[in-house]
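My entries are below, in the order I made them.

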Amino acid sequence: MRIKVFTLFPDMLRAMLSESILGRAIERGLIEVELFNIRDYTLDRHRSTDDYPFGGGAGMVMMAQPIVDAIRANTGPDFRGRRIYLSPRGRTLTQRTVEALAREEELVLLCGHYEGVDQRALDAVIDEELSIGDYVLTGGELGALVVIDAVARLVPGVLGSDASPEDESFTTGLLEYPQYTRPADFRGAKVPEVLLGGNHAHIAAWRREQSLEITRERRPELLADAPLDDRDRDVLERLQRHTAVFSILTSCSVRCERLELRLADQFPKRWLSAFVPEDRRKAAKKPCLSGRRHVGFLWRAFTEGFIDGCAEGDAARAAWFDRAPDHCLLYLPDERLLYRTEGAIPSEALKRLGQAVLADEALTRTFVRTGKGDIGPWYTALSAQV
């Protein structure tokens with residue numbers, strides 16, 4: 001990859017191009033960046049590169065002659081690549097554009113300054129205009145550096161791992177998932193457990209879920225063009241339900257954390273294994289875990305007699321709320337969402353949530369409500385519990 005930059009201020013770029021990843025890539029010959037001072041191609045003794053605009057107006061305009069002569073002198077008839085002018089009126093630079101540029105053999109980047117460039121220069125030696133965002137800078141040098149950096153990191157060998165750019169923001173059509181490094185516990189803030197477990201499938205699912213959630217929150221318009229499969233669409237639907245649930249919980253002053261969807265999917269079977277005796281578990285799976293929602297009927301473990309020693313109605317409410325755990329799990333079967341909460345969840349919040357399963361984190365006590373006024377709720381605890 002060869003990149004030629006035409007500018008009035010080459011020293012603005014030299015420092016950036018000599019440091020860090022870009023500096024090492026250039027030193028190793030993975031990319032080649034040449035800087036050309038447009039002023040060296042002027043024809044008058046004052047080395048003039050700008051003049052007043054025809055028709056009047058503020059500021060100065062870069063002249064066509066030095067630009068055209070500079071680019072033609074350093075590209076030639078055998079040039080194979082794209083010639084780009086960095087301009088606020090250009091097409092917005094995106095990751096897809098960067099990927100296309102990285103496939104070129106050569107790039108020419110023209111850095112404008114002052115009020116702009118004589119249109120005749122653009123017509124003669126420029127193929128397209130690119131903008132790095134909806135704002136105006138004093139010149140195109142910073143824009144050129146952005147393009148160089150974005151393109152260079154896609155060149156094989158520039159980054160430490162060829163896989164590094166594949167999962168980053170925009171490369172997959174989504175924003176990137178959160179990253180963590182050592183220590184695992186920084187002043188009480190812990191790394192998500194899934195990243196420490198070594199299960200690569202679980203890690204990949206967590207990262208995809210995080211990318212979808214962050215993109216939905218911050219750049220929802222990207223989802224329209226992102227390559228999504230059925231699993232992704234299911235995740236987005238559940239995240240939409242989470243927004244409504246989170247609003248209810250926070251309005252009732254409940255502090256909560258949504259757990260990853262993988263754990264939510266596992267919860268019904270974990271709950272059944274914890275509270276239904278082993279000799280009845282197989283018979284309980286069909287009525288409790290089947291149906292369109294698959295997990296929406298855990299309360300049938302009580303109505304069909306799979307659980308002994310349970311309390312119902314007001315007795316169940318009293319048994320749970322009189323000794324509600326400081327931390328508990330809240331599972332919502334209809335939404336297929338799982339939360340870890342701090343403190344007791346008030347009855348007002350549960351009424352608004354509808355069907356819900358509450359349990360302590362050790363799964364030794366549970367409170368289940370159906371959301372139907374004439375059925376339940378129920379409470380049970382393992383025999384070791386008072």
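**Conventions.** I am working on a predicted model, in which local features need pLDDT of at least 70, side-chain atom pairs count only at pLDDT 80 or more, and totals for chains, interfaces and linings use all residues. Residues are numbered from 1 along each chain as its sequence is written, and side-chain values use heavy atoms, with hydrogens and water left out.

**Parallel sheet.** I looked up an open sheet of 5 strands and read its order as S2-S1-S6-S5-S7, with parallel pairing. Strands are DSSP runs of E with at least two residues, helices are runs of H or I with at least four, and both are numbered from the N terminus. Two strands pair if DSSP finds at least two bridges between them. The edges are S2 (32-37) and S7 (128-131), each pairing on one side only. On average, neighbouring strands here are turned by 30 degrees against each other, direction ignored; the axes are lines fitted to C-alpha atoms, and angles run from 0 to 180 degrees between N-to-C directions. I then followed S5 (residues 81-92), which is joined to S7 by 5 parallel bridges. Tyr 85 faces Glu 129 of S7.

**Antiparallel sheet.** A further open sheet has 7 strands in the order S10-S13-S12-S14-S15-S16-S11, with antiparallel pairing. S10 and S11 (311-312) are its edges; each has a single partner strand, so one side of each lacks a neighbour in the sheet.

I went along it from S10. S10 and S13 share 4 antiparallel bridges, and Cys 256 has Thr 341 in S13 as its bridge partner.

S14 (residues 356-360) and S15 pair over 4 antiparallel bridges, with Ala 356 opposite Arg 369. Their hairpin also has 4 residues between the strands, and Leu 363 takes a positive phi near 55 degrees.

Is S15 mostly covered or uncovered? I find it mostly covered, with 5 of its 5 residues buried (under 20% relative accessible area; exposed is over 50%, partly exposed in between; 1.4 Å probe, protein chains only). Arg 365, Phe 367 and Arg 369 point one way, Thr 366 and Val 368 the other. S15 (residues 365-369) is joined to S16 (residues 378-381) by 4 antiparallel bridges. Arg 365 pairs with Ala 381, and Phe 367 stands opposite Tyr 379.

The largest pocket has a volume of about 830 Å³. A pocket is an open set of points on a 1 Å grid over the protein atoms alone, where a 1.4 Å probe fits, with protein on both sides within 12 Å along at least five of seven lines; lining residues have an atom within 4 Å of a point. Its volume is the space filled by probe spheres set on the points, which are joined across faces, edges and corners. I list 26 lining residues, with Glu 257, Arg 258, Leu 259, Glu 260 and Arg 340 nearest the centre. Elements giving two or more residues are H7 (200-218), H8 (230-251), S10 (255-258), H9 (261-275) and S13 (337-342).

**Cysteines.** I count 0 disulfides (cysteine sulfur pairs within 2.5 Å). For Cys 252, the nearest cysteine sulfur, that of Cys 256, is 11 Å away. Cys 252 is buried at 12% relative accessibility, and Cys 111 is buried at 1%.
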